[in-house]
Amino acid sequence: MTVKAILAAKGHDVVTLGPNEKLAEAIRILAERKIGALVITNGDRKIVGILSERDVVRVIAKEGVAALDITVRAAMTPKVKICNENHTVNEIMEIMTTGRFRHLPVEKDGLLDGIVSIGDVVKRRIETVEREAEEIKAYIATA
């Protein structure tokens, strides 16, 4: 199973925000959309950062209520780990586990093409394990 297959099933839509927006707006979008991260782009779908719930908590813990008025650029993680459509589920699981994050933007030709979450990865792994178990059962039954 590859990232390409995951995106074919879930779609390529990604919620993005510009780096000069206020953190309060980013928090509103995260809450309204019930998502855990926003990919930060310059409007041309070029990835410049990612803002996760963890980033928000870190900045609010440091700055207090004043954090709501800072720009997303000041709160985001600028060095974003990315993947492409050819990465396998096992490869992105390793990237997410090693980096200790739950969202991985997908890049194609230098531009944002989608996003994969840990939920997407777990769902696909469960589907694969269940399919393999059924195949083994069928094999044993016909042997």
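The following exercises, each with a worked solution, concern the predicted model shown above.

Residues are numbered from 1 along each chain as its sequence is written, and side-chain values use heavy atoms, with hydrogens and water left out. In this predicted model, local features need pLDDT of at least 70 and side-chain atom pairs count only at pLDDT 80 or more, while totals for chains, interfaces and linings use all residues.

**Exercise 1. The overall layout**

Task: Describe the elements, the extent and the surface of the protein.

Solution. 

Step 1. The protein has six helices and five strands. Helices (H or I, at least four residues) and strands (E, at least two) are DSSP runs, numbered from the N terminus.

Step 2. Read from the N terminus, the elements follow the order α-β-α-β-β-α-α-α-β-β-α.

Step 3. The C-alpha trace spans about 70 × 30 × 25 Å along its principal axes.

Step 4. The accessible surface comes to about 8,700 Å², and 54% of this surface belongs to carbon and sulfur atoms. Such areas come from the Shrake-Rupley method with a 1.4 Å probe; for residues, only the protein chains shown count as cover.

Step 5. Of the 143 residues, 34% count as buried. Buried means under 20% relative accessible area, exposed means over 50%, and partly exposed lies in between (1.4 Å probe, protein chains only).

**Exercise 2. Leucine 17 and threonine 41**

Task: Locate leucine 17 and threonine 41, and decide whether each is buried or exposed.

Solution. 

Step 1. Leucine 17 belongs to strand E1 (residues 16–17), whereas threonine 41 belongs to strand E2 (residues 37–41).

Step 2. Leucine 17 has a relative accessibility of 11%, so this residue counts as buried. Threonine 41 is buried as well, with a relative accessible area of 6%.

Step 3. Contact means heavy atoms within 4.5 Å. When neighbours within four places in sequence are left aside, the contacts of leucine 17 include Ile29, Leu38, Thr41 and Val72. With residues up to four places away not counted, threonine 41 touches, among others, Leu17, Pro19, Val48 and Leu112.

Step 4. Leucine 17 and valine 72 are 55 residues apart along the chain, yet their C-alpha atoms are separated by 8.4 Å. For the protein, among contacts between residues at least 6 apart in sequence, 57% join residues at least 24 apart.

**Exercise 3. Salt bridges**

Solution. 

Step 1. A salt bridge is a side-chain nitrogen of Lys or Arg within 4 Å of a carboxyl oxygen of Asp or Glu.

Step 2. Aspartate 120 lies in helix H6 and lysine 10 in helix H1 (residues 3–10), so the pair ties together parts that are 110 residues apart in sequence. Aspartate 120 counts as buried, at 13% relative accessibility, whereas lysine 10 counts as partly exposed, at 36%.

Step 3. Arginine 131 is partly exposed at 45%, and glutamate 135 is partly exposed at 47%.

Step 4. Salt bridges that share partners join Glu25, Arg28 and Glu32 into one network.

**Exercise 4. A nonpolar surface patch**

Task: Identify the residues of the nonpolar surface patch, and examine isoleucine 126.

Solution. 

Step 1. Patches are made of residues with over 30% relative accessible area and no salt bridge: like charges are joined within 9 Å, and nonpolar side chains (Val, Leu, Ile, Met, Phe, Trp, Tyr) within 5 Å.

Step 2. Ile118, Val122 and Ile126 make a nonpolar surface patch of about 230 Å².

Step 3. Isoleucine 126 is found in helix H6 (residues 118–142). Its relative accessible area is 44%, so isoleucine 126 is partly exposed.
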